[in-house]
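Subject: Structure handover and findings

Hello,

Here is the structure for your set. My notes on it follow below.

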Amino acid sequence: NVFIEKFVDPNELSEEEAADKQRNDAINIAYSADGVWQALENHDNWTTYVERQGEHVLSVSFAEGDTTYATVVVDVNDEKVLKVQVD
């Protein structure tokens, strides 16, 4: 006898994969925000730090050591930049 235990969507991301995708999307949206590229000009060793602010809202900081060059708050669902702070 054959029975179906469950249906699986092969395109559905695991929880970890979905979190990684959301993080990467946030970085890409933030990098394209006005002033970010210019703030990172002449700085080669910056790193991104992503923090969750809400279900679909994340803040992305571009920093090197103790110096933060820009922080961008994005809504990854709407693919929108909500706030930009360039230091």
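Is Lys21 buried, partly exposed or exposed? Lys21 has a relative accessible area of 44%, so it is partly exposed; buried means under 20% relative accessible area, exposed over 50%, and partly exposed in between (1.4 Å probe, protein chains only).

Before the rest, the basis. The model is predicted, so local features need pLDDT of at least 70 and side-chain atom pairs count only at pLDDT 80 or more, while totals for chains, interfaces and linings use all residues. Residues are numbered from 1 along each chain as its sequence is written, and side-chain values use heavy atoms, with hydrogens and water left out.

Salt bridge

The count comes to one salt bridge, defined as a side-chain nitrogen of Lys or Arg within 4 Å of a carboxyl oxygen of Asp or Glu. Its partners are the side chains of Lys21 and Asp25, at 2.7 Å from N to O. Both residues lie in helix α1, four residues apart, which is about one turn of the helix. Helices (H or I, at least four residues) and strands (E, at least two) are DSSP runs, numbered from the N terminus. Asp25 is partly exposed, because its relative accessibility is 27%.

Aromatic residues

There are three aromatic pairs in the structure. Rings of Phe, Tyr and Trp (its six-membered ring) pair if their centres lie within 6.5 Å; planes under 30 degrees apart count as stacked, over 60 as edge-to-face and the rest as tilted. One of the pairs is Tyr31 with Trp46, stacked at 6.1 Å centre to centre with 20 degrees between the planes. Tyr31 belongs to helix α1 (residues 15-31) and Trp46 to the loop between α2 and β1 (47-52), so this pair links distant parts of the chain, 15 residues apart. Tyr31 is partly exposed at 34% relative accessibility, and Trp46 is partly exposed at 28%.

Trp46 also pairs with Phe62, edge-to-face, at 5.5 Å centre to centre and 65 degrees between the planes. Phe62 is in strand β2 (residues 57-64), so the pair ties the loop between α2 and β1 to a part 16 residues apart in sequence. Phe62 is buried, with a relative accessible area of 0%. Tyr31, Trp46 and Phe62 form one aromatic cluster.

Polar contacts

Ser59 is also placed in strand β2 and is buried, with a relative accessible area of 8%. Its side chain makes a polar contact of 3.1 Å with that of Gln53. A polar contact is a pair of N or O atoms within 3.5 Å; within protein, one must be able to donate a hydrogen and the other to accept it, and residues adjacent in sequence count only if both atoms are side-chain atoms.

In helix α2 (residues 36-40) sits Gln38, partly exposed with a relative accessible area of 48%. The Gln38 side chain reaches the backbone nitrogen of Gly35 at 3.4 Å.

Strands β3 and β4

Strand β3 (residues 67-75) pairs with β4 in the antiparallel sense over six bridges; two strands pair if DSSP finds at least two bridges between them. Val73 is opposite Lys83 in β4. The two strands form a hairpin with four residues between them, and Glu79 in the turn has a positive phi of about 55 degrees. Val84 lies in strand β4 (residues 80-86) and counts as partly exposed at 34% relative accessibility.

Regards
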